[in-house]
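Here are some friendly notes to read alongside the model. Please keep the structure open as you go through the points.

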Amino acid sequence: MKAPPMIITAALVGAETTREQTPYLPITAEEIGESAARSREAGAAMVHLHVRNADGTASQAPGLFAAAIREIRRRCDVLVQVSTGGAVGMEVDERCGPLTLTGREKPDMATLTTGTVNFGEEVFWNPRPLVREIARRIRAAGIHPEIECFDAAMVDEARYLAQEGLIDLPAHFDFVLGVPGGLAARPEALEFLISSLPDGCTWTAAGMGRHQLGLVELAAIRGGNARVGLEDNIFISRGVLAKGNHELVAEAARRARDKGREVAAPEVARSLLRL
Ligand code: KMH
Ligand code: ZN
């Protein structure tokens, strides 16, 4: 059976990448809108969105998300997935800031990480009661979750959430591979995660750092979807900075097509993701 078109998600900003690491990181709402539009042109169907204060520090403020989403939607039709992960150390109300948006600023999706993971030298803290609280808030807002899995147990946790009525299955999963402290970006790890999915679920692979573009090819071959962008990786090739998210998306689209996959437009992605 022919694999469906590949959904490319552009993780535009993140909470950790700095302007010192790359001058191409978008920070203001306008820069984010511009980066989203260029990524859409290059083949992205969705953006994974974090926002920043003017000084570059991470924020989950609804006002900053609203401004960024307005700038994105003014320019293009890309789907908008907001982060509820934020930055390590944020409390639940802050993390859930973007879930309060409505109307033209309402996100299409929101992330839901289903377990705690070491995150470099820090801890991305997601104890079970907190996961349930965020799942409840996503559901109450009428937004579709993307289940973020930094390790294998996080797939299993989604089954419990479904049994408890906090998410619906089938759902869409994102396998985030290669975070120091999390599951490594190895083909066998991806294979195990795919085999662990509940029936009918869709998935995206997001490789950190130097694993990013190689994982796009693997995801293309295995019939999945891929996430690229400056949140996860700033290099287009060894030691060469990507000159923006669009360059990483263009390279991902090229590699996907090279492996025989078409690249999904946002409306196609909307239907594949059952939004
Ligand atoms: N910044 C990480 C600690 C998400 O967006 O949902 C969490 C993260 C996951 O980026
Ligand atoms: Zn994120």
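1. Ligand 1 sits in the largest pocket. A pocket here is an open set of points on a 1 Å grid over the protein atoms alone, where a 1.4 Å probe fits, with protein on both sides within 12 Å along at least five of seven lines; a molecule sits in it if more than half of its atoms lie within 2 Å of its grid points.

2. A word on conventions: this is a predicted model, in which local features need pLDDT of at least 70, side-chain atom pairs count only at pLDDT 80 or more, and totals for chains, interfaces and linings use all residues. Residues are numbered from 1 along each chain as its sequence is written, chains are lettered from A and ligands numbered from 1 in the order in which they are written, and side-chain values use heavy atoms, leaving out hydrogens and water.

3. Which residues surround ligand 1? Among them are Ala-15, Val-88, Thr-111, Phe-119 and Phe-124, counted as near when a heavy atom lies within 4 Å. By class, the shell has four nonpolar, six polar (Gly counts here) and two charged residues.

4. Now the polar contacts (N or O pairs within 3.5 Å). A polar side-chain atom of Glu-16 is 2.7 Å from a nitrogen atom of ligand 1, and the side chain of Ser-83 places an N or O atom 2.7 Å from an oxygen atom of the ligand. Gly-86 uses a backbone N or O atom, 2.8 Å from a ligand nitrogen. The protein covers 98% of the 310 Å² of accessible area that ligand 1 has on its own (Shrake-Rupley, 1.4 Å probe).

5. His-48 lies in strand S2 (residues 46-49) and Glu-231 in the loop between strands S12 (225-228) and S13 (235-237), so the pair ties together parts 183 residues apart in sequence.

6. Lastly, please look at the cis peptide bond between Leu-169 and Pro-170, with omega about 0 degrees.

Methods: A polar contact is a pair of N or O atoms within 3.5 Å; within protein, one must be able to donate a hydrogen and the other to accept it, and residues adjacent in sequence count only if both atoms are side-chain atoms. On a 1 Å grid over the protein atoms alone, a cavity is a set of points where a 1.4 Å probe fits but cannot get out, and a pocket is an open set with protein on both sides within 12 Å along at least five of seven lines; lining residues have an atom within 4 Å of a point. Helices (H or I, at least four residues) and strands (E, at least two) are DSSP runs, numbered from the N terminus.
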